[in-house]
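Colleague: I have a new model open and want to learn how to read it. Can you take me through some features?

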Amino acid sequence: MRVLHIHAHFDDFEFVAAGTFELWRQTRPEFRGRVLVCTDGRSGHQFRTREETARVRLAEQEASAALGGYEFELLKKPDGRPFEEACRTLTTDLLASLWKSIREFEPDYILCPPLPTDPQAGIHPDHVTVAEAVRRVAYMINVPHAFLGEFPAADETVSRWVKTPVILNTYDGYMAGANAVDLAVEVEPAFDLVARESWCHQSQINEWLPWVARHHIEPTADLDAWKARLRSRFQRQAREMGLPADRAWEVFTVTAWGTVPGLEQLLRDFPALHQDPERHERLRTKLRRWSGH
Ligand SMILES: [Zn+2]
């Protein structure tokens, strides 16, 4: 099973899906997880130069990937350079590059940020751009030569068939209060690893995020202090989503952007799910409606 996590920034993965990746890694020998980061990370810092910030953040993500045993890819434009961070709007280059990276990995599942349905919900512009890009490119995944201008084909009469994955949205901290849940994964057994992976992102958790002051994050002296802060973050999320706050959860919603799965497939493929028959019945009804059954 291959899972591709697509998000805007270095460190997004650790806060929404790192625990689920770890549970898959522990329970499925055939699991391959890849984290695709769509911006170069250089903009959000208050005392480092942009060049240094980009370099530091790349190294931080590589350190996290080594701990978590997942593959890491920085998305590149057709000309080979990464996409700039902050307030970028949807471009054909972004769609083309996503299309190429998704086709190369051929995932069974894509996890990506959500599009807010409530216009009063807060957003991070990069998160919304990535969500919109995944949605717009989803149908094109199995359209060969879709971006010939950006990626010329040697022979347009030769085409490779690529499976269209199931696409799910993650939790998004920027739209707190407007998040939803179809599937809740209990990631308590992976809490320690999630803490160590997120601890790799020092330029975020101990420098930028406390300074920007929008994330309930203050500088922490050591890993144990960070674990306590991460724990209260998980507790806040659990209360928001109506889940038991004494354990850590990661939540996902299913989209019809890609292949529409059956409920049984999801229950089989997702580890350590919160057993909520009512929520799962609502999901079953939604999936049946989408697939015309
Ligand atoms: Zn982000």
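**Reading the contacts and the fold**

Modeller: Start with one residue and its neighbours. This is a predicted model. Leaving out residues up to four places away in sequence, R28 touches M1, R268 and D269.

Colleague: Where does R28 sit?

Modeller: R28 is in the loop between α2 (18-27) and β2 (32-37).

Colleague: Is R28 buried or exposed?

Modeller: Buried means under 20% relative accessible area. R28 has 18%, so it counts as buried.

Colleague: What does a polar atom of the R28 side chain lie 3.3 Å from?

Modeller: The backbone oxygen of R268. R268 is also among the residues that R28 touches.

Colleague: Now a helix residue. Where is S97?

Modeller: S97 is in helix α4, residues 92-105. Its relative accessibility is 2%, so S97 counts as buried under the 20% cut-off.

Colleague: Which backbone oxygen does the S97 side chain reach?

Modeller: That of K76, at 2.9 Å. Beyond four places in sequence, S97 touches L75, K76, K77, P78, F83 and F151.

Colleague: Which residue just after α7 takes a positive phi?

Modeller: A213, with a phi of about 60°.

Colleague: Let's zoom out. How many helices and strands are in the protein chain?

Modeller: The protein chain has 10 helices and 7 strands. Its radius of gyration is 19 Å, close to the 19 Å that the globule rule gives for 293 residues, so the chain is as compact as a globular protein of that length. The C-alpha trace spans about 60 × 50 × 40 Å along its principal axes.

Colleague: What share of the residues count as buried?

Modeller: Of the 293 residues, 53%. The chain exposes about 13,300 Å², and carbon and sulfur atoms supply 50% of that.

Colleague: What share of the contacts with a separation of 6 or more comes from residues 24 or more positions apart?

Modeller: In this chain, 76%.

Definitions and conventions: Residues numbered from 1 in each chain as written. Predicted model: local features only at pLDDT ≥ 70, side-chain atom pairs only at ≥ 80, totals over all residues. Heavy atoms only, no water. Helix = DSSP H or I, 4+ residues; strand = E, 2+ residues; numbered from the N terminus. Rg over C-alpha atoms; globule rule 2.2 N^0.38 Å. Buried < 20%, exposed > 50% of the residue type's maximum accessible area, 1.4 Å probe, protein only. Contact = heavy atoms within 4.5 Å. Areas by Shrake-Rupley, 256 points an atom, 1.4 Å probe, with all protein chains shown as cover. Polar contact = N/O pair within 3.5 Å; in protein donor to acceptor, adjacent residues only side chain to side chain.
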